[in-house]
Amino acid sequence: MHEKTLKLLEFDVIRHKVAQGALNEAAARRILEELPVWDPQEAGKLKALVAAVGDRIASGDPEQRDPLPDISFLLPKLGVAGTSLALDEAYALGVFIDRGEAVKQWLLGGARWNEDTQKPEQQLLRTLVQALPDCTALSREVFRVLDKAGKLRDLPVLREIRQRIRTLTKDREALITRYTQAEDTRYMLQSSVPSQRDGRMVLAVKANFRGRIKGIVHEVSATGQTLFIEPGEVVEKNNLILIERQRLEGEIRRILRELTRRIAGQRQAIEAFHEGIIHLETIRARARYTCETQGHFAQGEEGSFSQGIILKQARHPLLAAQAVPIDFTLEGHIKAVIITGPNTGGKTVTLKTVGLFVLMNQFGLALPAAPGTMLPFCDGVYVDIGDEQSLSQSLSTFSGHMSAIAAIIAHATEKSLVLLDELGAGTDPEEGSAMAMAILDHLMEKQVRLIATTHQGSLKHYGYTQEQVENASVEFDVETLSPTYRILMGVPGESRAVDIAARNGIPRAIINRARSYLQHERADVSALIQGLTMKHQELNTALERQEEAEQRLQEERRQADLRELRLRQEEAELKAAGVGKLRRLLEESRKTLENLVREVREGELSREKTVKVKQFLHDLETTVDTEDKALKEEILAAEAADPPTALGIGKGALLPQPLGGVKPAGGQQPWGWAAKDPYYRSPPFSIKPGTPVLVGKYKRQGRVFRADKNGSWVVEIGSLKMSFPEQDLYPFPASEERQEPVIALPDLASAVNPRFELNLRGMRLEEAIEALQHQIDAAVLSGLREFSVIHGKGEGVLQQGVHTFLKEQPQVAEYYFSRPELGGFGRTEVVMKC
């Protein structure tokens, strides 16, 4: 594909923006050199990898964002025998390996513990990452010699030499101090501060005292008043220091040569690792661009071009907020779309948007368009946009266009996309139109898909008469006399040259004369086009309203489903709470009953013991009945707060069956009044002691005990006696009194017992979650308030899975890591809701 086409469609600008997101210079250079992928399978694979990396970026996990140093220039050096890396080169290699391994671990982090449910693109990314060689051993070799700041470590052999240098330096300074501090020599010096010449310590001696201090003269000042003398006693120390420094440098070179030799032995692994990380970084840069632009990947079958082009709410990526979303379609048997309409209306922008989207799609990028956008895989995009006039080549505007189109005809295939701007322009309109139609005929015979813009009226008629051609236009607002930049499919457009000229300052007299010339020639055609445009706008408005209505209905349906789900969750929680209370009651009752049985067995059966047993059974029955009533009142209160009848669920439908089952009389509901309106109050009825009534806001069942003061009545509700005003009493039809429930006590011996400490170590995540689910169920049933979960530390997979599961459980109030002495991050404390 010609580089000129990429520039015409401004693909090079997009490519540059993608490259800016790369964290490595070599990766950025590779992106700038890459072209769209024309092989369908490879293009599909690239898009899948970019989508997978984009999911990792969007997951919220901290991303490895440290820059990757460029080591591409180092790799050839490793193939040269006897070569030695410099300190900064070895450091760059170690840092690249360390950060590259961090990128690998980050990419694998999202799929480490959920491999069974990975998407195909995630599996593809995981396979690619795992294929990279492990170079952590080489990184350790580098940082065994260097520290994390890139400095040479204080190795034993270097430490000994440096200590020797420090000792010699200290001795030398002592000798120098004797000259600068002694009374008999201090006055001979120009300065009490020693100097250095060629790495050797010297004294600044006054010229007239030259013979008084014996040594080597290294330099004379410009005025001749100062001599820089190295005292004879200091010469030997300077010599020894110089020797030790040379020895240190030689040892450092030896260490670096040895390190380079070990690294060079793994050259192939380093090159493969470098190539893989650079490739992953080019993919990550694409994914980062996708996340920043909030785009969506185009749909399409690999290798298929027959599906055509569908753009939904497409925005040119370089226009940013100024872009007007467009909808465009070229599919089915349609091979060509001819776009007409006013200048500056957006025809050329539409051409560029379609062409750029195809290139971006095959470059592995998501598109700034709505979901549902579809693009084929093309083997080339051929473009003729702009003025091809060239004085140097003696080409006029028309000649330039024809030259470009000739090249397109020679190379375009049935899988190519051709974009032609201002087809037939630059010459006589009649001949230009004829040439344009002939070009369209030829390209359609080759089954090439193409989009063309034009102002030629003959081509509008051509679009109606050809079965494989469809007209389109850019919309024009007749009230503001300005384009709206929207695309109208199926309708040709007027050029509106006169209106645009008027907006740009042409005198009104000239405008009126131009309109008079047009009235006789094409009034009928203009009226027809305007009528078609209005009908098209009306149809679009009706379709938009229909879509809004469908979306509104879908939202209402979703809200209804959510309300139903919330009610079912509340029902389940109420059931669980009721079962928990009943189990605690049964546990307490079992202990009391065991004590009674033991007392009966240990002594003679007396009347007092018999009464005691009967009283216990009566209290147990009363307590169970009270709990059952309280549970039903809570459910009715929930129904009153959020009536389920709006969802088609009858009043009382959420009432749970008591544990062990309640057998209603005559096949009726357990409470006959619940099937009617519980808030209905009949005319005044006779109230006397013993009358069954419904009392209070929640219509609790009771029986009148006696009259009270001020027209109130004392009502017996279970084991409680409470006073209520007469207006709060409702009749309870005798025919609908519910039958007393027969409660079957569960077998306590077979009940699930929770553990105070649940050990999940050694289990797979699925097994651990199942065991934790059983533990929570058992804790709810038995009323266990707190327990511990031991999951260990390891790689954190089990720990993360346990915390994710606990976070989603409505029965869990809170959870936190244990104190360090109890296990710290390897153990989690769980607190259940009361």
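**A network of salt bridges**

Author: Salt bridges link Glu141, Arg144, Glu258, Arg261 and Arg262 in a network. Keep in mind that this is a predicted model.

Start with Glu141 and Arg144. Their side chains meet in a salt bridge, 3.9 Å from N to O. How accessible is Glu141? Its relative accessible area is 25%, so Glu141 is partly exposed. Arg144 is partly exposed too, with a relative accessible area of 46%.

Now take Glu258 and Arg262. Their side chains also form a salt bridge, at 3.3 Å from N to O. The helix here is α10, residues 232-264. Glu258 and Arg262 are four residues apart in it, and so about one helical turn lies between them. Glu258 has a relative accessible area of 28%, which means that it is partly exposed. Arg262 is partly exposed because its relative accessible area is 25%.

Why can such pairs form at all? Side chains of opposite charge can pair when their charged atoms come close.

A further salt bridge joins Arg197 and Glu219, with 2.7 Å from N to O. This pair links distant parts of the chain, 22 residues apart. Arg197 sits in strand β1, residues 195-197. Glu219 sits in strand β3, residues 215-220. Arg197 has 22% relative accessibility. Buried means under 20%, so Arg197 counts as partly exposed. Glu219, at 35%, is partly exposed. Across the whole structure, the search finds 29 salt bridges.

What about disulfides? The structure holds zero. Cys291 counts as partly exposed, because its relative accessibility is 31%. Cys378 has 1% relative accessibility and therefore counts as buried.

Gln456 lies in the loop between β10 (449-453) and α15 (457-465). Its relative accessibility is 12%, so Gln456 counts as buried. Leaving out residues up to four places away in sequence, Gln456 touches Leu423, Gly424, Ala425, Pro429 and Ser433. Glu430 is 26 residues from Gln456 in sequence. In space, the two are 8.6 Å apart, C-alpha to C-alpha.

Gln775 is in helix α19, residues 765-782. At 4% relative accessibility, Gln775 counts as buried. Which residues does Gln775 touch, not counting those up to four places away in sequence? They are Pro754, Arg755, Leu758, Leu784 and Phe787.

Finally, the whole protein. Its secondary structure comes to 20 helices and 21 strands. There are 834 residues, and 41% of them count as buried. Consider the contacts with a separation of 6 or more: 67% of them come from residues 24 or more positions apart. The protein exposes about 45200 Å², and carbon and sulfur atoms supply 52% of that area.

Technical notes:
Residues numbered from 1 in each chain as written. Predicted model: local features only at pLDDT ≥ 70, side-chain atom pairs only at ≥ 80, totals over all residues. Heavy atoms only, no water. Helix = DSSP H or I, 4+ residues; strand = E, 2+ residues; numbered from the N terminus. Buried < 20%, exposed > 50% of the residue type's maximum accessible area, 1.4 Å probe, protein only. Contact = heavy atoms within 4.5 Å. Areas by Shrake-Rupley, 256 points an atom, 1.4 Å probe, with all protein chains shown as cover. Disulfide = S-S within 2.5 Å. Salt bridge = Lys/Arg side-chain N within 4 Å of Asp/Glu carboxyl O.
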